[in-house]
Amino acid sequence: PNLVANKLYEWKITLDNGGTWIGCPSNPPDENCKFILPDNEEGQVLRGEFIIPATPTPSVNLMFDPSSTKLLSQQVDSNGAVTSSSCDEYQAWSGHVVRATGTWTPDAHMNASYAPWQPDEPLGVMQQGATCLLFVQVGNLQPHTWYEWKVTIDGIWGRDSYGCNDDVNDPDQDCSFTTDATGNMQLMFNPASNVLSSKPI
């Protein structure tokens, strides 16, 4: 059905064919999430997916973060820019500079003598993406090559430097990724859970 401008809508998601319901953390927990469509705009919901109309207009993104089981919504304008968001719980590092660094940096700079693992890596500065995660896109990497990386906060190594939690004896060990044939990667950081992830682009 078409959505109505300025009307309050409520929503949740289901897992296991309705066996588990997830809403928004509040009082009581898991109550319905809410969003309002902007003035004079319409969209369509089909099988739980928000479908942007054929003519580019502001719309609402409905999102689920499986790492933290949070439901999120964002209002975006016709250019795709976020104009309002329910990413408040993802603002743990708001006002801080979050960077990716690691063994990939010499290749990204196309300089074999460039020192890796710099905590204030200029090519690693992350920004908030459409799914509330922080991300940076890096290129010029060697194809089909294994690299290691971590995230730093405000350009220093310290207790707020994050790696991967694959080893209980070393919870902040280096993360790793392998490039595909393009040598381009997107490195991501979830500020709600401090989880790192990556994907070829």
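This is a predicted model: local features need pLDDT of at least 70, side-chain atom pairs count only at pLDDT 80 or more; totals for chains, interfaces and linings use all residues.
**Entry 1. The three-stranded sheet**

I began with the strands and their pairing. I found an open sheet of three strands in the order β10-β13-β14, with antiparallel pairing. I noted β10 (98-102) and β14 as the edge strands, since each pairs on one side only. I recorded an average twist of 35° from one strand to the next.

I then looked at how β13 meets β14. The two strands run antiparallel and are joined by four bridges. Within this pairing I located Trp149, which stands opposite Cys175 of β14.

**Entry 2. The disulfide**

How many disulfides does the structure hold? I found one. Cys164 and Cys175 form it, and their sulfur atoms lie 1.9 Å apart. I noted the link of Cys164 and Cys175 as right-handed, with 110° about the S-S bond. Cys164 belongs to the loop between β13 and β14, whereas Cys175 belongs to strand β14, so the pair ties together parts 11 residues apart in sequence. I checked the exposure of both residues as well: Cys164 and Cys175 are buried.

Is β12 largely enclosed or open? I recorded it as largely enclosed by the rest of the structure, because four of its five residues are buried.

I next listed the partners of β12. With β11, the strand pairs in the antiparallel sense over two bridges. Here Gln128 stands opposite Leu134 of β12. With β15, the strand β12 is joined by five bridges, and these two strands also run antiparallel. Phe135 has Met188 in β15 as its bridge partner.

**Entry 3. Thr179**

I turned to Thr179, which I placed in the loop between β14 (175-178) and β15 (185-190).

Which backbone nitrogens does the side chain of Thr179 reach? One is that of His144, at 2.9 Å. The other entry in my list is the backbone nitrogen of Thr145, again at 2.9 Å. Setting aside residues up to four places away in sequence, I noted that Thr179 touches Leu141, Gln142, Pro143, His144, Thr145, Tyr147 and Met185.

**Entry 4. Ser198**

I located Ser198 in strand β16, which covers residues 195-200. I classed Ser198 as partly exposed because its relative accessible area is 28%. I then looked up its distance to Ser176: the two C-alpha atoms are separated by 8.6 Å, and the residues are 22 apart along the chain. Leaving out neighbours within four places in sequence, the contacts of Ser198 include Trp149, Ser176, Phe177 and Met185. Gln186, Leu187 and Met188 are also among the contacts of Ser198.

**Entry 5. Pro191**

Where is Pro191 placed? I found Pro191 in the loop between β15 and β16. With a relative accessible area of 3%, Pro191 falls under the 20% limit and is therefore buried. I also compared its position with that of Leu133. Pro191 and Leu133 are 58 residues apart in sequence, while their C-alpha atoms are 6.8 Å apart in space.

**Entry 6. Positive phi angles**

Met110 has a phi of about 55°. I placed Met110 in the loop between α1 (105-108) and β11 (127-128). Its relative accessible area is 64%, so Met110 is exposed.

Asn140 has a positive phi near 65° and is likewise a residue other than glycine. I placed Asn140 in the loop between β12 (134-138) and β13 (146-153).

Terms used. Residues are numbered from 1 along each chain as its sequence is written. Side-chain values use heavy atoms; hydrogens and water are left out. Buried means under 20% relative accessible area, exposed over 50%, partly exposed in between (1.4 Å probe, protein chains only). A polar contact is a pair of N or O atoms within 3.5 Å; within protein, one must be able to donate a hydrogen and the other to accept it, and residues adjacent in sequence count only if both atoms are side-chain atoms. Contact means heavy atoms within 4.5 Å. A disulfide is a pair of cysteine sulfur atoms within 2.5 Å. Two strands pair if DSSP finds at least two bridges between them. Axes are lines fitted to C-alpha atoms, for helices over the stretch in contact, and angles run from 0 to 180 degrees between N-to-C directions.
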